[in-house]
Amino acid sequence: MFVCICKGITEKQIKASVAEGASSVRDLYRELELGSQCGKCVGFAREVLTSEQAMC
Ligand code: FES
């Protein structure tokens, strides 16, 4: 499922980034450029990030 339509970033890619150490939306921005265009994905990306961190 796509989280960031503008950059074509999927939930799976976010989970992989968290597994590699990403711990904030800023990290996802740096690694994947998530949220670098319209920014509408940031809230959902944060939810995915938080739930993934809770599972670690
Ligand atoms: Fe992520 Fe637009 S949907 S920047």
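1. Which residue with a positive phi follows helix 1? In this predicted model, that residue is G21, with phi near 115°.

2. Helix 1 has a buried side made up of I14, S17 and V18. These residues span an arc of only 100° around the axis, which means that they sit on the same side of helix 1. The exposed residues K12 and A19 are carried on the face of helix 1 turned away from that buried side.

3. As for what lies over the buried residues of helix 1, the cover includes strand 1, strand 2 (9-10), helix 2 and helix 3.

4. The largest nonpolar core numbers 13 residues, and V3, I14, L28, L34 and A45 have the most contacts inside it. Two or more residues of this core come from each of strand 1 (2-4), helix 1 (11-19), helix 2 (25-32) and helix 3 (42-55). Helix 3 is the element that gives the most, with 3 residues.

5. V3 deserves a separate entry. Neighbours within four places in sequence set aside, V3 is in contact with I9, T10, E11, I14, C41, F44, A45 and V48.

6. On annotation, an unreviewed UniProt entry lists residues 3-50 as "domain: BFD-like [2Fe-2S]-binding". In the model, the span is 54% helix and 8% strand, and its end C-alpha atoms are 14 Å apart.

Conventions:
Residues are numbered from 1 along each chain as its sequence is written. This is a predicted model: local features need pLDDT of at least 70, side-chain atom pairs count only at pLDDT 80 or more; totals for chains, interfaces and linings use all residues. A nonpolar core is a set of buried Ala, Val, Leu, Ile, Met, Phe, Trp, Tyr and Cys residues joined through C-beta atoms within 7 Å. A residue is buried if 20 or more other C-beta atoms lie within 10 Å of its own, exposed if 12 or fewer, and partly exposed in between; C-beta atoms are placed from the backbone. Helices (H or I, at least four residues) and strands (E, at least two) are DSSP runs, numbered from the N terminus. Two residues are in contact if their C-beta atoms, placed from the backbone, lie within 7 Å. The arc is that of the directions from the helix axis to the C-beta atoms. UniProt positions are given in the numbering used here, feature names are shortened, and annotations may be inferred rather than shown by experiment.
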